[in-house]
Amino acid sequence: AKPDQLRGEIVKAFVVLKKGETATEKEILDFCAQNLAKFKLPKSVVFRDALPKTIIGKVLKRMLQEEAAHK
């Protein structure tokens, strides 16, 4: 999520596609619209090669939040 003065946070999706797969931001947003509550819908999508993880494999959400806040 990205900080927002009005709503607190704006949802942003960080997506890592499986090797050989393709998707557009619109396809991801359309999929989310069909499967998530409106308040959970991401406003933007960031495609990445990998997500930052801890040694045991948990996603470092704080690192992604800080990255989003600085852009």
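Q: A salt bridge is a side-chain nitrogen of Lys or Arg within 4 Å of a carboxyl oxygen of Asp or Glu. By this rule, what does the count come to?
A: The count is two salt bridges. Before we look at them: this is a predicted model, where local features need pLDDT of at least 70 and side-chain atom pairs count only at pLDDT 80 or more, while totals for chains, interfaces and linings use all residues. Residues are numbered from 1 along each chain as its sequence is written, and side-chain values use heavy atoms, with hydrogens and water left out.

Q: What makes aspartate 30 and lysine 26 a salt bridge?
A: Their side chains come to 2.7 Å, N to O, and the rule asks for within 4 Å, so the pair qualifies. Both residues lie in helix α1, four residues apart, which is about one turn of the helix. Helices here are DSSP runs of H or I with at least four residues, strands are runs of E with at least two, and both are numbered from the N terminus.

Q: Is lysine 26 buried or exposed, and how do you know?
A: Exposed: lysine 26 has 56% relative accessibility, and the cut-offs are under 20% for buried, over 50% for exposed and in between for partly exposed (1.4 Å probe, protein chains only).

Q: Where do glutamate 67 and arginine 48 sit?
A: Glutamate 67 is in helix α2 (residues 61-69), and arginine 48 is in the loop between β4 (44-47) and α2; at 19 residues apart, the pair links distant parts of the chain. Glutamate 67 has a relative accessible area of 26%, so glutamate 67 is called partly exposed. Arginine 48, at 22%, is partly exposed as well.

Q: Which residues does glutamate 67 touch, not counting those up to four places away in sequence?
A: Phe14 and Arg48. Touching, or contact, means heavy atoms within 4.5 Å.

Q: What does Phe14 do in its strand?
A: Lys12 and Phe14 point one way from β3, Ala13 and Val15 point the other way, and all are buried. In β4, phenylalanine 14 has valine 46 as its bridge partner.

Q: How do you know that β3 and β4 pair?
A: They share four bridges, in the parallel sense. Pairing takes at least two bridges found by DSSP, so β3 and β4 count as paired.

Q: Which residues make up the largest nonpolar core?
A: Six residues: Ala13, Val15, Ile28, Cys32, Leu41 and Val45. Cysteine 32 is in contact with Leu41 and Pro42, leaving aside its neighbours within four places in sequence.

Q: Why does proline 52 count as buried?
A: Its relative accessibility is 14%, so proline 52 falls in the buried class. Proline 52 is placed in the loop between β4 and α2. Beyond residues up to four places away in sequence, proline 52 touches Lys58, Val59, Leu60, Met63 and Leu64. The C-alpha atoms of proline 52 and methionine 63 are separated by 7.4 Å, although the two are eleven residues apart along the chain.

Q: What about lysine 53, and which class does its relative accessibility give?
A: At 48%, lysine 53 is partly exposed. Lysine 53 is found in the loop between β4 and α2, and touches Lys58, Val59 and Leu60, again not counting residues up to four places away in sequence.

Q: What does the secondary structure of the protein chain come to?
A: Two helices and four strands, running β-β-β-α-β-α from the N terminus on. Buried residues make up 18% of the 71 residues.

Q: Where is confidence lowest, and where is it highest?
A: Strand β1 (residues 2-4) is lowest, at a mean of 54, and α1 is highest, at 97. These are pLDDT values, the predictor's confidence in each residue from 0 to 100. The protein chain averages 89, and 87% of the residues score at least 70.

Notes
Core = buried A, V, L, I, M, F, W, Y, C linked by side-chain atoms within 4.5 Å.
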